[in-house]
Amino acid sequence: MTVAIALIPEAIAFSILAGVSPMVGLYASFCIAIVTAFAGGRPGMISAATGAMALLVGSLVISHGIEYLFAATVLAGIFQILMGMLKLGRFITFLPQPVMTGFVNALAILIFMAQLVHFEGQGWIMYALVALTLVIIYTVPRITKAVPSALVAIIAVSVLSIVLNLDVRTVGDMGTITSALPVFHLPDLPFTLDTLLIILPYSLSLAVVGLLESLMTATLIDDITGTGSDKNREAKGQGLANIVTGFFGGMAGCAMIGQSMVNMKSGGRTRLSTFVSGIFLLFLILVLGDVVKQIPMGALVGVMIMVCISTFEWGSLKTLAKVPLSDALVMIVTVVTVVVTDNLSIGVLFGVLLSALSFAWKMASIKLSVHTTASVTTYKVSGQLFFGTTSHFVHEFMYESDPGQVIIDFSHSHVWDQSAVGAIAKTLDKYAALGKKVTITGLNEESARLVKRIGLGLSGGH
């Protein structure tokens, strides 16, 4: 119930962030919470309308309208179900920490930047209300943690605004709020190839970012609770939830790190906690719809700035000078790419590619130490032998000047692929052409098995 109360201001704020009516975010939060309670793979996790998803669809709503948002949400859900069926959930483990940190920091920056528009044309009262909201949010937890401080702030600032009859923009000015149940609704748009091409990039981004944030949150809760979760089931559950919310007038959503932590700290560890949060949220919408209209925008902007502050990994700034340069660069590139493109999925893709290139560069280092006697030369290979190091490996040998017997020791190396086996074969062939004998030693079991299976294909009998 605490989570449901705290979801109201965030759902409304995320709706405004996406440029849609507050009801779109509220309906989405209700639908997604109910569906994931049954279909999700991580018990106790809270999923609803989120800032990450809202950021992705703002331009779609502006350029084509809300019906395209509903269609994009449904298609994103279909993509997520396919991802779950293809068992792509396990690939969350391939996301390097710098990319995850960059993702979270970029999300915080984008949400903050999206708040700036609400200050345009507003006087000092707007700034005062935002400041007051933040003061209350950070002061209340020192007195009591029984109720969400964001809720206390919104109630206090709203009462102040109403009592003083302040001339400020309210939630009611941003869109219609109705105390009504969500109803089934097919997106009212032409079902053509052009429509598909319009929503396709948005849907892919929603699917990837939603799954990314959901699986990151699930992994975090796994660590906190010491229990496991089914990541592929979670992907399918998120997909089903987005399909349902798209047909019931809601926007796309995913797992919420903040609200999931509130649920965990409150003792909510089962599917029932997620279900109750959704049901109670609907109750609040039906009963308090008229009250929600009078909430001043300054209060919600204050809540969103608090979300930015708590989302940003401030510790990453302290460790930036301590971590390897490549890791620091990956995090910075991820953040900059997201902020410049305004697309979280593109930023994550760039970060992962840069991490992969950095890893490949580190791995593409192989050394050969040489020990020569009158009759035998021994080469000790150190490092990984794969397609990225084969050229260097082949050119390190002194074919002409070596004696008639050569030993290549792989005790400190590993043979990874066909290119590596081919490089060994090429080296042996060069020595064979000079009438010299080569002995290979130290291959570990896996490397020896690979060499035997592929075969060296030598022209000599080595």
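A residue counts as buried when its relative accessible area is under 20%. By that cut-off, buried residues make up 52% of the 462 residues in the protein chain. The model is predicted. The chain holds 19 helices and 6 strands. Its radius of gyration is 29 Å, well over the 23 Å that the globule rule gives for 462 residues, so the chain is more spread out than a compact globule.

**Overall shape and surface**

- Taken along the principal axes, the C-alpha atoms of the protein chain fill a box of roughly 100 × 45 × 40 Å.
- The accessible surface of the chain comes to about 21200 Å². Carbon and sulfur atoms account for 67% of that surface.
- Contacts between residues at least 6 apart in sequence can be split by separation: 84% of them join residues at least 24 apart.

- Helix 4 spans residues 66-85. The helix has 20 residues and reaches 29 Å from its first C-alpha to its last, close to the 28 Å expected at 1.5 Å a residue.
- Helix 4 is mostly covered, with 15 of its 20 residues buried.
- Ala-72 lies in helix 4. Its relative accessible area is 0%, under the 20% limit, so Ala-72 is buried.
- Leaving aside residues up to four places away in sequence, Ala-72 touches Leu-60, Ile-199, Tyr-202, Ser-203 and Leu-206.
- Ala-72 and Leu-204 are 132 residues apart in sequence, yet 8.8 Å apart in space, C-alpha to C-alpha.

- Most residues other than glycine have a negative phi.
- Lys-87 is not a glycine, but has a positive phi of about 60°. This residue comes just after helix 4, in the loop between helix 4 and helix 5 (97-115).
- Asn-165 is not a glycine either, and its phi is positive at about 55°. The residue is found in the loop between helix 7 (149-163) and helix 8 (171-174).
- Asn-165 has a relative accessible area of 66%; the limit for exposed is over 50%, so Asn-165 is exposed.

- An open sheet of 4 strands runs in the order 3-4-5-6, with mixed pairing. Its edge strands are strand 3 (366-372) and strand 6, each pairing on one side only.
- Neighbouring strands of this sheet are turned by 20° against each other on average, direction ignored.
- Strands of a sheet pair through backbone hydrogen bonds, either parallel or antiparallel.
- Strands 3 and 4 run antiparallel and are joined by 7 bridges. A hairpin connects strand 3 to strand 4 through 3 residues.
- The bridge partner of Leu-368 is Val-381 in strand 4.
- Strands 5 and 6 run parallel, with 5 bridges between them. Asp-409 stands opposite Thr-441 in strand 6.

**Helix 18 and its surroundings**

- Helix 18 covers residues 418-433. The helix has 16 residues and reaches 22 Å from its first C-alpha to its last, close to the 22 Å expected at 1.5 Å a residue.
- The buried residues of helix 18 are Ala-420, Val-421, Ala-423, Ile-424, Ala-425, Thr-427, Leu-428 and Tyr-431.
- Those buried residues pack against three strands of the sheet: strand 4 (376-385), strand 5 (405-415) and strand 6 (437-441). They also pack against helix 17 (390-395) and helix 19 (445-454).
- Helix 18 is followed by Gly-435, whose phi is positive, near 75°.

- Met-398 lies in the loop between helix 17 and strand 5.
- At 40% relative accessibility, Met-398 falls between the 20% and 50% limits, so it counts as partly exposed.
- Met-398 touches Val-370, Tyr-379 and Tyr-431, not counting residues up to four places away in sequence. Tyr-431 is one of the buried residues of helix 18.
- Met-398 and Tyr-431 are 33 residues apart in sequence and 9.6 Å apart in space, C-alpha to C-alpha.

Definitions and conventions. Residues are numbered from 1 along each chain as its sequence is written. This is a predicted model: local features need pLDDT of at least 70, side-chain atom pairs count only at pLDDT 80 or more; totals for chains, interfaces and linings use all residues. Side-chain values use heavy atoms; hydrogens and water are left out. Helices (H or I, at least four residues) and strands (E, at least two) are DSSP runs, numbered from the N terminus. The expected span of a helix is 1.5 Å times one less than its number of residues. Buried means under 20% relative accessible area, exposed over 50%, partly exposed in between (1.4 Å probe, protein chains only). Contact means heavy atoms within 4.5 Å. Two strands pair if DSSP finds at least two bridges between them. Axes are lines fitted to C-alpha atoms, for helices over the stretch in contact, and angles run from 0 to 180 degrees between N-to-C directions. The radius of gyration is taken over C-alpha atoms; the globule rule is 2.2 Å times the number of residues to the power 0.38. Accessible areas come from the Shrake-Rupley method with a 1.4 Å probe; for residues, only the protein chains shown count as cover.
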